[in-house]
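Good morning, everyone, and thank you for making time for this.

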Amino acid sequence: VRWLINPEDTKWYKEVEKWLDSKKLSKTRHKHFKAYMTASRSYVIEDPITKAQFTSKVSTDHTGGAWRDKNLPIDDARQIRMVADFVQDELAQEKLANSIILNEPAMFGIPDINQAMLVRTLDGLTDADHYYLPGFSAVHGRTGELIAKKNGAANVAQFWNDNYNKPLARALAEFAARFGLTYDSPHSQNFLVELDKDLKPTGKI
């Protein structure tokens with residue numbers, strides 16, 4: 001397993017290194033992937049050779065915004081994996097009408113130090129006919145306004161109320177009704193707005 005280090009972390013990766021030392025395992029750091037920040041601790045990662053893309057979440061003591069320490073313990077990661085399996089099994093029977101759910105197919109853990117790493121696939125986001133706009137970008141003054149005006153909107157706030165807030169409400173209601181689940185801390189980093197190739201929202205989250 002290649003254990004990934006969050007580039008902003010100054011604390012938790014050191015616990016991993018100490019554990020590797022205790023097991024007489026190599027703690028040599030390698031650089032291979034390209035990575036792109038998100039509005040949370042997750043990074044979008046690309047293999048420069050194969051072009052495979054995924055996101056990864058590990059512990060870090062520095063993130064954007066008010067968060068200062070985002071540890072990822074094993075129990076949290078295990079619960080996420082259990083929910084992901086449950087949701088994907090259900091989706092195999094029938095897809096959702098209002099949203100597309102990204103899978104988190106893998107977690108890795110080091111029980112001795114209670115550290116975990118999660119991997120999320122980006123399958124379904126490489127469709128050439130669609131763009132996927134992060135929720136925070138939809139409400140961003142410059143990006144949100146540009147897309148709203150490209151769609152002929154006179155009122156930017158009303159455009160995103162109709163094309164982000166309301167579709168998101170439908171998606172979350174459908175998710176809760178179908179799976180009996182809801183988010184414990186929903187925010188716009190969790191959601192993407194589907195746009196067609198002309199940047200028109202499709203109504204899907």
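Predicted model: local features only at pLDDT ≥ 70, side-chain atom pairs only at ≥ 80, totals over all residues.

Let me begin with the chain as a whole. The protein chain has 5 helices and 7 strands, and if you read along the sequence they come in the pattern α-β-β-β-α-β-β-β-α-α-α-β. Taken along the principal axes, the C-alpha atoms fill a box of roughly 60 × 35 × 35 Å. The chain has 205 residues, of which 34% count as buried, and among contacts between residues at least 6 apart in sequence, 59% join residues at least 24 apart.

Now let us look at the strands around β5. Strand β5 covers residues 115-121, and because 6 of its 7 residues are buried, it is largely enclosed by the rest of the structure. It pairs with β3 in the antiparallel sense over 4 bridges, and it pairs with β4, residues 106-110, also in the antiparallel sense, over 5 bridges. Which residue of β5 is the bridge partner of Lys57? It is Leu118, and Met107 likewise stands opposite Leu118. β4 and β5 form a hairpin with 4 residues between them, and in that turn Asn114 has a positive phi of about 55 degrees.

Lys51, in the loop between β2 (43-46) and β3 (53-57), has a phi near 70 degrees, which is a positive value in a residue other than glycine. Leu199, in the segment after β7 (192-196), also has a positive phi, near 70 degrees, and is again not a glycine.

Let me turn to charged side chains. Side chains of opposite charge can pair when their charged atoms come close. A search of the whole structure finds 11 salt bridges, and I will take you through some of them. One joins the side chains of Asp21 and Lys27, at 3.0 Å from N to O; Asp21 counts as partly exposed because its relative accessibility is 41%, and Lys27, at 38%, is partly exposed as well.

Another joins Lys23 and Asp112, at 3.8 Å from N to O. Lys23 lies in the loop between α1 and β1 (34-37), while Asp112 lies in the loop between β4 and β5, so this pair ties together parts that are 89 residues apart in sequence. Lys23 has a relative accessibility of 44% and therefore counts as partly exposed, whereas Asp112, with a relative accessible area of 56%, is exposed.

A further one lies within a single helix: Asp85 and Arg81 are both in helix α2, 4 residues apart, about one turn of the helix, and their closest N and O atoms are 2.9 Å apart. Is Arg81 buried or exposed? Arg81 is buried, because its relative accessible area of 16% is under the 20% limit, while Asp85, at 36%, is partly exposed.

Asp9, in the segment before α1 (12-22), gives us a contrast. Asp9 is buried yet has no salt bridge, and the nearest side chain of opposite charge, that of Lys11, is 7.9 Å away. The backbone nitrogen of Lys11, however, lies 3.0 Å from a polar atom of the Asp9 side chain. Leaving aside residues up to four places away in sequence, Asp9 touches Ser59, Thr60 and Asp61.

Finally, the aromatic rings. How many aromatic pairs does a search of the whole structure find? It finds 6. The rings of Phe159 and Trp160 have centres 4.9 Å apart and planes at 85 degrees, so this pair is edge-to-face, and both residues are buried. The rings of Phe175 and Tyr183 have centres 6.2 Å apart and planes at 35 degrees, so that pair is tilted. Phe175 is buried, at 12% relative accessible area, and Tyr183, at 33%, counts as partly exposed. Phe175 and Tyr183 also belong to one aromatic cluster, together with Phe86, Phe179 and Phe191.

Note on methods. Residues numbered from 1 in each chain as written. Heavy atoms only, no water. Helix = DSSP H or I, 4+ residues; strand = E, 2+ residues; numbered from the N terminus. Buried < 20%, exposed > 50% of the residue type's maximum accessible area, 1.4 Å probe, protein only. Lys, Arg positive; Asp, Glu negative; His and termini not counted. Salt bridge = Lys/Arg side-chain N within 4 Å of Asp/Glu carboxyl O. Polar contact = N/O pair within 3.5 Å; in protein donor to acceptor, adjacent residues only side chain to side chain. Contact = heavy atoms within 4.5 Å. Phe/Tyr/Trp six-rings, centres within 6.5 Å; stacked < 30°, edge-to-face > 60°. Pairing = 2+ DSSP bridges.
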